[in-house]
Amino acid sequence: MVQNRMIPEPCRIYEAMQQTPREVHFVVEAPKREPFRPEPGQFVMISIPGIGEAPISLAALPGEGAAEGTFEMLIRRAGRLTNLITRLKPGDTMYVRGPFGRRVTWEKFEGSNLILIAGGLGLAPLRPFVQRSLLHRELFRRIDILVGARAPEEILFKEDLASWSARRDDVRVLVSVDAARSTWSGRIGVITTLFDEIDADVEDAYAFICGPPVMYRHCLRKLLGMGLYENHLWMTLERRMKCGIGLCGNCQMNGLYVCQEGPLFSYREVRHLKEAV
Ligand SMILES: Cc1cc2nc3c(=O)[nH]c(=O)nc-3n(C[C@H](O)[C@H](O)[C@H](O)COP(=O)(O)OP(=O)(O)OC[C@H]3O[C@@H](n4cnc5c(N)ncnc54)[C@H](O)[C@@H]3O)c2cc1C
Ligand code: FES
């Protein structure tokens with residue numbers, strides 16, 4: 001029902017945690033009109049009436065990283081709407097419709113190594129991939145989680161990174177920053193410098209990349225050079241979106257509707273599009 005999918009539902013904010021000066025981590029009541037069962041890589045449209053609407057990735061799914069009946073998002077202040085939304089407090093309401101985007105089934109990834117790569121804000125959409133794979137740890141072999149940020153103070157979800165790092169079941173977390181002051185004792189360098197430390201057999205791995213477009217080209221080239229199969233490489237592509245359900249054409253990329261056919265794509269599906277990679 002197209003009409004229903006265009007009508008947002010008021011959802012109560014349960015928690016609003018400032019992660020950095022420009023990013024807020026929200027825990028929000030899930031929409032109730034229809035069963036809210038999103039998959040990793042999907043997004044919602046959030047709005048404030050009279051102000052605007054924006055696509056935002058799910059950063060934790062109900063019953064997985066988030067409690068049943070709730071979901072999580074990380075929102076960066078970018079413009080008019082997100083400036084207002086990031087000032088909302090627990091008890092306030094935001095409007096939500098979705099989830100939208102392609103639902104990728106996970107059976108094909110089972111039995112393989114996973115390489116999960118996030119740059120900057122990309123850790124928000126990547127987080128449900130990590131949470132899903134850790135929840136069903138027995139279904140996967142090695143899990144390497146690679147995270148890049150511009151500076152130590154911009155690293156997101158630090159508590160998650162610490163708890164994932166503390167695991168002893170073949171889960172490895174590697175974090176690097178582009179630049180840092182002398183007080184930083186971690187790795188310094190662009191995210192691809194971490195690839196030499198990947199423990200997994202890359203030829204038997206699936207990789208997922210979420211991050212700014214500039215990161216993709218370098219990551220793709222390096223991973224494919226290391227022997228990763230093209231259809232084992234998955235990435236999220238961001239385009240301007242208005243409807244989120246394939247009606248307005250705003251997100252179209254050479255005939256491909258990113259809001260419906262993506263935003264999660266395998267490299268093989270988009271490698272011919274110069275806008276994509
Ligand atoms: C599928 C998808 C998932 C997203 N997930 C998140 C998320 O988890 N957290 C988050 O903080 N943001 C996310 N975004 C980006 C978010 O939608 C925009 O920042 C938001 O729409 C800005 O709205 P605004 O009214 O606050 O600012 P506007 O005034 O509309 O824009 C502010 C600035 O951001 C730029 N901008 C707006 N939208 C985009 C876009 N899609 N790509 C690149 N630049 C853009 C504008 O050019 C402008 O410079 C996502 C976008 C997409 C398409
Ligand atoms: S956002 Fe309207 S068609 Fe994709």
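**Contacts, domains and strands**

Author: In this predicted model, 14 residues of domain 1 are in contact with 13 residues of domain 2. Local features need pLDDT of at least 70 and side-chain atom pairs pLDDT 80 or more, while totals for chains, interfaces and linings use all residues. Residues are numbered from 1 along each chain as its sequence is written.

Reader: What makes two residues count as in contact?

Author: Their C-beta atoms, placed from the backbone, lie within 7 Å. Strand 1 (9-20) and strand 5 (70-76) are the elements giving two or more residues to the side of domain 1 that touches domain 2; strands are DSSP runs of E with at least two residues, and helices are runs of H or I with at least four, numbered from the N terminus.

Reader: Where do the bounds of domain 1 and domain 2 lie?

Author: Domain 1 covers 2-99 and domain 2 covers 107-236, bounds that come from an automatic or database domain assignment. Their C-alpha centres are 25 Å apart.

Reader: Why are strand 7 and strand 8 called paired?

Author: DSSP must find at least two bridges between two strands; strand 7 (residues 113-119) and strand 8 (residues 143-149) have 6 bridges, in the parallel sense, so they meet the definition. Gly148 in strand 8 is the bridge partner of Gly119.

Reader: What is the strand order of the open sheet of 7 strands?

Author: The order is 10-9-8-7-11-12-15, with mixed pairing. Strand 10 (187-188) and strand 15 (264-266) each have a single partner strand, so one side of each lacks a neighbour in the sheet.

Methods
Chains are lettered from A and ligands numbered from 1 in the order in which they are written.
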